[in-house]
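This briefing goes with the sequence and structure shown below.

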Amino acid sequence: MRIVRKLGVLLAALATVTACAPTTEPYRTPRPGDCQKDKLGTLYKGVFTFGTDQPVYPPWYIGDNPANGEGFESALAYAIANRLGYAPGDVRWVRVPFSEAIASGSKSFDANLNQFSITNQRRAVVDFSAPYFDVNQAVVTVKSSPAARVRSVEELKSLRLGAQVGSTSHTAALDIGGSKTVEVYNTNGDAKLALSTGEIDALVADLPTAFTVAGELRDGMIVGQLPASDEAAEQFGVVLAKRSGLTACVSSTVDALREDGTLAQLRSEWLTVEGKAPLLA
């Protein structure tokens with residue numbers, strides 16, 4: 001995998017990342033002292049356990065190693081932990097498949113960061129923090145694919161699309177072509193392999209991931225961004241178990257990181273991309 005830590009010019013499309021007001025259901029404001037390390041009911045006393053998928057990819061994680069603090073979500077996890085009183089050595093990581101993390105039931109983590117879009121359906125079975133990232137979906141292909149000549153959403157409808165199972169990228173792909181023209185994969189890595197071997201014509205992913213995938217593929221390219229829906233902007237949030245005692249503290253911490261400019265700083269450091277992604281009509 002070719003890893004690029006900083007890819008160049010920040011997309012104008014990402015200029016509002018982390019700037020929008022939260023859209024999650026309201027949680028009570030923690031009382032003074034509630035969010036101190038010795039008061040938090042984590043899985044293991046004195047340890048904060050974060051979850052994410054395996055593998056994970058730039059720009060969210062670097063080197064498939066969430067514990068190194070490199071990549072937007074890894075760095076964000078350590079920033080959250082630090083505000084709650086946990087040193088880097090107090091942070092533990094577990095690997096959890098994407099679909100399992102947002103299923104109902106007990107969790108092997110205290111909080112999970114893996115580009116989880118906040119949806120009402122998911123909120124029925126898990127908690128979300130305040131959002132930390134606003135995102136558009138984009139389409140990736142290779143220059144030899146018929147998708148390379150596409151300039152509109154209508155032209156995508158007859159092509160074979162791929163996306164990660166259970167993701168909003170999958171939902172966006174289904175909205176374009178329907179189930180007959182959409183293949184589903186366990187990870188974006190699997191979808192990328194399918195694209196490189198011609199099993200699909202293009203894959204759908206969030207915009208930063210799309211730029212990374214395009215950079216890793218031979219002759220990879222961004223077809224364009226999908227138009228935003230009429231609904232509220234798609235946003236990523238930290239996932240916690242339903243009715244977790246940690247939700248209020250994690251959510252208020254994300255809000256604080258937005259307000260003091262930390263999220264913007266992390267965005268500038270890790271979510272930079274080279275080139276442009278036209279909006280598909």
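## Chain overview

The chain has an accessible surface of about 12500 Å², and carbon and sulfur atoms account for 50% of it; such areas come from the Shrake-Rupley method with a 1.4 Å probe, and for residues only the protein chains shown count as cover. This is a predicted model, in which local features need pLDDT of at least 70, side-chain atom pairs count only at pLDDT 80 or more, and totals for chains, interfaces and linings use all residues. Residues are numbered from 1 along each chain as its sequence is written, and side-chain values use heavy atoms, with hydrogens and water left out.

- The chain has nine helices and twelve strands; both are DSSP runs numbered from the N terminus, helices being H or I of at least four residues and strands E of at least two.
- Of the 281 residues, 54% count as buried (buried means under 20% relative accessible area, exposed over 50%, and partly exposed in between, with a 1.4 Å probe and protein chains only).
- Among contacts with a separation of 6 or more, 75% are between residues 24 or more positions apart; contact means heavy atoms within 4.5 Å.

## The five-stranded sheet

- An open sheet of five strands runs in the order β8-β7-β9-β6-β10, with mixed pairing; two strands pair if DSSP finds at least two bridges between them.
- The edges are β8 (182-185) and β10 (220-225); each has a single partner strand, so one side of each lacks a neighbour in the sheet.
- From one strand to the next, the twist averages 30°; axes are lines fitted to C-alpha atoms, for helices over the stretch in contact, and angles run from 0 to 180 degrees between N-to-C directions.
- Strand β7 (residues 161-164) pairs with β8 in the parallel sense over four bridges, and the bridge partner of Leu-161 in β8 is Val-182.
- Helix α6 (residues 188-196) packs on the sheet and touches β6 (137-142), β7, β8 and β9 (202-206). The direction of α6 makes about 150° with that of β9.
- Helix α7 (residues 207-216) also packs on the sheet, touching β6, β9 and β10, and its direction makes about 135° with that of β9.

## Nonpolar cores

- The largest nonpolar core has 37 residues, and those with the most contacts inside it are Phe-50, Phe-72, Leu-76, Tyr-132 and Val-238. Such a core is a set of buried Ala, Val, Leu, Ile, Met, Phe, Trp, Tyr and Cys residues joined through side-chain atoms within 4.5 Å.
- At least two residues of this core come from each of β1, α1, β2 (91-95), α8 and α9 (262-270), and α1 gives the most, with eight residues.
- Leaving aside neighbours within four places in sequence, Phe-72 is in contact with Pro-59, Trp-60, Tyr-132, Leu-263, Leu-266, Arg-267, Trp-270 and Leu-271.
- Another core, of 18 residues, lies apart from the largest one and includes Ala-138, Tyr-185, Ala-194 and Ile-200.

## Backbone details

- A cis peptide bond joins Gln-54 and Pro-55, with omega about 0°; Pro-55 is in the loop between β1 (48-52) and α1 (72-83).
- Pro-58 and Pro-59 are also joined by a cis peptide bond, with omega about 0°, and Pro-59 lies in the loop between β1 and α1.
- Asp-219, in the loop between α7 and β10, is not a glycine but has a positive phi of about 60°. At 47% relative accessibility, Asp-219 counts as partly exposed.
- Arg-243, in the loop between β12 (239-241) and α8 (247-259), has a positive phi near 60°. Arg-243 is exposed, with a relative accessible area of 70%.
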